[in-house]
Amino acid sequence: MPSLAEIKEAGRAAKAKAREALALEEALSKDADKLWASAFDAVAGPDLREDELPRDCPALVVVPGFASWSALRPEHVERWRTAKLQERIDPSVRTVAFRWECGEVRWNAPQAYLEAAAAWQGAHEGADADAARLALLCRQLRGRGCRVVLAAHSLGCRVALGACGHAEADGPARAATPSPSAEPPLLDAMLLLGAACDNDALAADGEFPLATVLAQCTSLTIVHAPDDPTLRELWPAAENQRCGRIAPPALGATGLMPEGLLRMYHRPQLQMVT
């Protein structure tokens with residue numbers, strides 16, 4: 001059995017290790033902006049000028065998830081580069097990272113849980129303003145002759161879906177199945193990965209009606225994972241703490257609900273992937 005002195009020494013060592021981990025995390029977070037800029041052709045922050053955007057090419061716009069911006073690490077960038085997705089899909093594709101107020105959490109901090117709750121609240125509240133900015137970015141890319149594909153993750157999916165609503169409000173209305181002469185949609189394609197929003201958010205009376213989304217998006221793919229522990233376990237707790245509600249399952253966990261929505265639209269335009 002360890003002595004009292006040994007127990008105290010072990011406690012001091014654990015605290016020292018925790019402080020070192022937090023200091024390293026904070027130091028790495030300061031380099032996040034440089035890392036994003038090194039991995040993408042452009043970073044669309046609030047100060048980005050339109051003439052810095054790609055022109056006359058396919059443009060992949062990535063909307064990161066909750067607390068993802070400051071969490072980017074060199075090993076993440078290396079995996080992105082090693083995958084060589086641009087080269088494998090289309091070397092002419094240019095990538096744009098959309099910077100939004102997705103929250104910042106020091107996961108090694110003693111009060112990380114409280115930081116995460118506050119960051120979730122702030123990111124949720126600011127998502128609509130960021131969605132309007134994202135819609136503007138996509139219109140600018142369209143105006144520069146780009147085909148626009150939007151890929152969003154986690155809470156970033158709220159921003160992506162909200163951008164479709166802003167595009168409809170700011171521009172001429174379109175039918176979900178437009179005529180050849182209709183105004184082109186905002187997006188050529190949208191990919192939602194592990195969407196952190198209600199699984200009925202795309203219902204006709206939901207937060208992001210599917211008809212509105214598809215009117216601004218030629219192709220929508222929703223990737224969901226029923227065994228995702230974050231969406232299965234943390235999503236309900238985060239929403240309950242944010243506003244006291246008992247949230248339905250997340251879209252990224254169950255896929256689209258109600259299931260009847262899938263039968264209302266042509267499969268080539270709407271796909272579900274598990």
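Predicted model: local features only at pLDDT ≥ 70, side-chain atom pairs only at ≥ 80, totals over all residues.
Two strands count as paired if DSSP finds at least two bridges between them. The chain holds 9 helices and 7 strands, and 42% of its 274 residues are buried. Of the contacts with a separation of 6 or more, 84% link residues 24 or more positions apart.

**The sheet**

- An open sheet is built from 7 strands in the order E1-E3-E2-E4-E5-E6-E7, with parallel pairing.
- Strand E1 (42–44) and strand E7 (270–273) are the edges; each has a single partner strand, so one side of each lacks a neighbour in the sheet.
- On average, neighbouring strands of the sheet are turned by 20° against each other, direction ignored.
- Strands of a sheet pair through backbone hydrogen bonds, either parallel or antiparallel.

**Strand E4 and its two partners**

- Strand E4 (residues 147–153) runs parallel to strand E5 (residues 189–193), and 5 bridges join them.
- Ala 59 has Val 148 in E4 as its bridge partner.

**The nonpolar core**

- The largest nonpolar core has 71 residues, and the members touching the most others are Leu 134, Met 190, Leu 192 and Leu 220.
- Helix H5 (residues 112–143) supplies the largest share of this core, 11 residues.
- Beyond its neighbours within four places in sequence, Leu 220 is in contact with Met 190 and Leu 192, and also with Leu 202, Leu 210, Val 213, Leu 214, Gln 269, Leu 270 and Gln 271.
- In soluble globular proteins, nonpolar side chains tend to be buried together.

**Packing of helices H5 and H8**

- The axes of H5 and helix H8 (residues 229–243) come within 10 Å and cross at roughly 75°.
- Angles of 65 to 115 degrees count as roughly perpendicular, so H5 is roughly perpendicular to H8.
- On the H5 side the contact is made by Tyr 113, Ala 117, Trp 120, Gln 121 and His 124, and on the H8 side by Trp 235, Ala 238, Glu 239, Gln 241 and Arg 242.
- The residues of this contact divide into 5 nonpolar, 3 polar and 2 charged.

- Most residues other than glycine have a negative phi, and most peptide bonds are trans.
- Asp 56 is not a glycine, yet has a positive phi of about 55°; Ser 154, also not a glycine, has a positive phi of about 55°.
- Asp 56 lies in the loop between E1 and E2, whereas Ser 154 lies in the loop between E4 and helix H6 (156–170).
- Which of the labels buried or exposed applies to Asp 56? Its relative accessible area is 56%, and residues over 50% count as exposed, so Asp 56 is exposed.
- Which of these labels applies to Ser 154? Its relative accessibility is 14%, and the cut-off for buried is under 20%, so Ser 154 counts as buried.
- Apart from neighbours within four places in sequence, Ser 154 is in contact with Gly 65, Phe 66, Leu 193, Gly 194, Ala 195 and Ala 196.

Definitions and conventions
Residues numbered from 1 in each chain as written. Heavy atoms only, no water. Helix = DSSP H or I, 4+ residues; strand = E, 2+ residues; numbered from the N terminus. Axes fitted to C-alpha atoms, helices over the stretch in contact; angles between N-to-C directions. Core = buried A, V, L, I, M, F, W, Y, C linked by side-chain atoms within 4.5 Å. Buried < 20%, exposed > 50% of the residue type's maximum accessible area, 1.4 Å probe, protein only. Contact = heavy atoms within 4.5 Å. Parallel < 35°, antiparallel > 145°, perpendicular 65-115°, else oblique. Nonpolar A, V, L, I, M, F, W, Y, C, P; charged D, E, K, R; others polar.
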